[in-house]
Amino acid sequence: PTLLPVLHDNVARLARCGYANVAVQAVALSDHEGVGQLFVPDAFAENDGLASLETPDAPGRSVPVPLKRLDDVMNTKSFIRLTKVDVEGHEASVFAGADALLRRGTLETILYEEHEGAHSRATQLLQQHGYAIFKLVRTATGVRLVSPDDATFDVPYAPVNFVATRNVAYLQTCLTPPGWTIYQLNARSAP
């Protein structure tokens, strides 16, 4: 709730840059409608990305928030190229509340943070809906897709980013590593 004014400012800034198709809704996403408790740890002052609907493992306070299903707040007939879900351990509940969107393929590619690893409930839900799952890693040559089980680039203290997609070819095109481009110049002959 304390970040809501920041979100409104960010959306206003995006609108000034031509991105007007963004709406802020003061709800938390889950697998059911109702009221939930958003746990805000004491460390929130240092890292405002730590609040969660999951049971806290650190001291803090809780704030009641309205809960909605993603299926109920998004038009299932739309097409969304990229969706980002980072809800501090509540990803599986968000995906469970998006059954119709996932079944229809409305959400083509989903970037999500996962605290439970490659075989989490969230990942299994996405796979059951036909999504291919990759781990997203940063390397010296850019961002790469690797197998979900590849631990080569894992950092012990950080959650892992995964990407689920129904369009692997397009995603691979978007993440083609940068490199040299050679242009052929056509020389004109002198008159």
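Helices here are DSSP runs of H or I with at least four residues, strands are E runs of at least two, and both are numbered from the N terminus.

## The model

This is a predicted model, so local features need pLDDT of at least 70 and side-chain atom pairs count only at pLDDT 80 or more, while totals for chains, interfaces and linings use all residues. Residues are numbered from 1 along each chain as its sequence is written, and side-chain values use heavy atoms, with hydrogens and water left out.

## The largest pocket

A pocket is an open set of points on a 1 Å grid over the protein atoms alone, where a 1.4 Å probe fits, with protein on both sides within 12 Å along at least five of seven lines; lining residues have an atom within 4 Å of a point. The largest pocket holds about 2,100 Å³, a volume being the space filled by probe spheres set on the points.

Its lining takes in 46 residues, with Leu7, Ala23, Gln25, Val27 and Leu29 nearest the centre.

## Helix H5

H5 spans residues 121–128, and Ala122, Thr123, Leu125 and Leu126 in it are buried (under 20% relative accessible area, 1.4 Å probe, protein chains only). They sit on the same side of H5 because they cover an arc of only 160° around the axis, taken from the directions from the helix axis to the C-beta atoms. After H5 comes Gly130, with a positive phi near 90°.

Note on methods: Buried means under 20% relative accessible area, exposed over 50%, partly exposed in between (1.4 Å probe, protein chains only).
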